[in-house]
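Please read the report below alongside the sequence and the model.

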Amino acid sequence: MINPLITATELAALLDSATADSATADSAITDSATADGKANDSAANDSAANGGAANGGASNSDASNSDAASGGAPVLLLDVRWSLGGPAGLPLYEAGHIPGAVYVDLSTELARHGEPHEGRHPLPTVEDFQSAARGWGLNDGDTVVVYDDWNGLAAGRAWWLLRYMGVADVRVLDGALAAWRAAGHPLATGSADMANVTPGTVTLSTGHEPLLTADDAATFPQSGVLLDARVGERYRGETEPLDPRAGHIPGAISAPTAGNLDEAGRFLDPVALRERYEALGVSEDRPVGVYCGSGITAAHDALALTVAGFRPALFAGSWSAWANQPGRQVATGDKPSTQPD
């Protein structure tokens, strides 16, 4: 499986390679066009001399142009800066972003407005998401790299959603934008990178990653491990600043996203992550599911579990959906009891 994390150094090399491939392709196309023009001129002269019709010499150039332009997989870079209650992401993007990145609005492009029982950030429809992705310039076969400035919490949602919709090669910048800056790489300003996007033609479909419904989450702890990615206070029911009821899904185990990262905001190595989740009861022979408040930060746990070698399922509606369904039972305290309060 493709490593879902990429370092700032690796990203810089990947972008340099993509730029070099593009420049080589442009040069090859220019050289081919020049050669075609010379060949056509020669053919026309020969035809005129022979009094016959000229056959154009472009049949081979079309194929060579396609081969020259293909190179490695193109790289699409997405800036997914967003935080709950934080500043708007677009002005931050315009003030400084990784060169070539396209801004993605999490609230409107990675989610949709739904009913309360669906949670605060329901998944977008495949039609809407495909339209948004094409607007970013995404084509089938592209490599996608996503980043934010929130320790990968927003970028994780983009990573998971792209994977769920069928994009095979999606990576998250480890350490977020801070890692890019710390490595001394440049930033671009303004919105020219967005204005210069050529619309893509990607075709997407759902179901490429496991997804849980509320009914699935209710019974999941009976056969698997259900992890709650929220901070411990919300899991225990000590506080609930956003949703109508406090607590957690009965049987769920607390696994705050902060435990996935080191002091620099980078993901722990695969061995350390595997040890973390195995200590919480995750194993190869039991399914693992994740949820959070509204389906955003749960993707961070899903990403960490993937790095650790597991294949998690995500409850996209998460606690905000669960708490808005009156028939759903609630547990509190620090124990993953299957008995509701």
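## A buried arginine

A residue counts as buried when its relative accessible area is under 20%. In this predicted model, Arg230 is therefore classed as buried, because its relative accessibility is 3%. Arg230 belongs to the loop that runs between β7 and α10, the latter spanning residues 232–236.

Which polar partners does the side chain of Arg230 have? One is the side chain of Glu240, joined to that of Arg230 by a polar contact of 3.5 Å, and another is the backbone oxygen of Gly247, which lies 2.6 Å from a polar atom of the Arg230 side chain. When residues up to four places away in sequence are left out, Arg230 touches Tyr235, Glu240, Gly247, His248, Pro256, Tyr291, Cys292, Gly293 and Trp319.

## The chain as a whole

The chain is built with 13 helices and ten strands, and buried residues account for 45% of its 341 residues. Of the contacts between residues at least 6 apart in sequence, 77% join residues at least 24 apart. The chain exposes about 15,400 Å², of which 51% is supplied by carbon and sulfur atoms.

The largest nonpolar core contains 55 residues, and those with the most contacts inside it are Leu78, Trp136, Val146 and Leu162. Helix α6 (residues 153–164) gives this core its largest share, eight residues. Val146 itself touches Leu78 and Leu162, and its other contacts beyond four places in sequence include Ala155, Ala158 and Trp159.

## The five-stranded sheet

Five strands form an open sheet in the order β6-β10-β9-β7-β8, with parallel pairing. Its edges are β6 (211–212) and β8 (253–254), each of which pairs on one side only. Strand β7, residues 225–228, pairs with β9 in the parallel sense over four bridges, and Asp228 stands opposite Tyr291 in β9.

Val288 lies in strand β9, which covers residues 288–291, and it counts as buried because its relative accessibility is 4%. Beyond four places in sequence, the contacts of Val288 are Phe220, Val225, Leu227, Val282, Leu305, Phe310, Arg311, Pro312 and Ala313. Val288 and Leu314, which are 26 residues apart in sequence, have C-alpha atoms 8.8 Å apart in space.

## Helix α11 and its two faces

In helix α11 (residues 270–279), the buried residues are Leu273, Arg276 and Tyr277. They cover an arc of only 85 degrees around the axis, so they are on the same side of α11. An α-helix has 3.6 residues a turn, so residues three or four places apart point the same way. The buried residues of α11 pack against β7 and α12 (298–307), whereas the face turned away from the buried side carries the exposed residues Val271, Glu275 and Ala279.

At the start of α11, a side-chain oxygen of Asp269 comes to within 2.9 Å of the backbone nitrogen of Val271. Just after the helix, Gly281 has a positive phi of about 105 degrees.

Most residues other than glycine have a negative phi.

Where in the chain is Pro4 placed? Pro4 is in the segment before β1 (5–6), and at 5% relative accessibility it counts as buried. Although Pro4 and Val170 are 166 residues apart in sequence, their C-alpha atoms are 6.3 Å apart in space.

Leaving aside neighbours within four places in sequence, Pro4 is in contact with Trp159, Val170, Arg171, Val172, Leu303, Thr306 and Val307. Trp159, Arg171 and Val172 are also among the residues that Val146 touches.

Definitions and conventions:
Residues are numbered from 1 along each chain as its sequence is written. This is a predicted model: local features need pLDDT of at least 70, side-chain atom pairs count only at pLDDT 80 or more; totals for chains, interfaces and linings use all residues. Side-chain values use heavy atoms; hydrogens and water are left out. Buried means under 20% relative accessible area, exposed over 50%, partly exposed in between (1.4 Å probe, protein chains only). Contact means heavy atoms within 4.5 Å. Accessible areas come from the Shrake-Rupley method with a 1.4 Å probe; for residues, only the protein chains shown count as cover. Two strands pair if DSSP finds at least two bridges between them. The arc is that of the directions from the helix axis to the C-beta atoms. A polar contact is a pair of N or O atoms within 3.5 Å; within protein, one must be able to donate a hydrogen and the other to accept it, and residues adjacent in sequence count only if both atoms are side-chain atoms. A nonpolar core is a set of buried Ala, Val, Leu, Ile, Met, Phe, Trp, Tyr and Cys residues joined through side-chain atoms within 4.5 Å.
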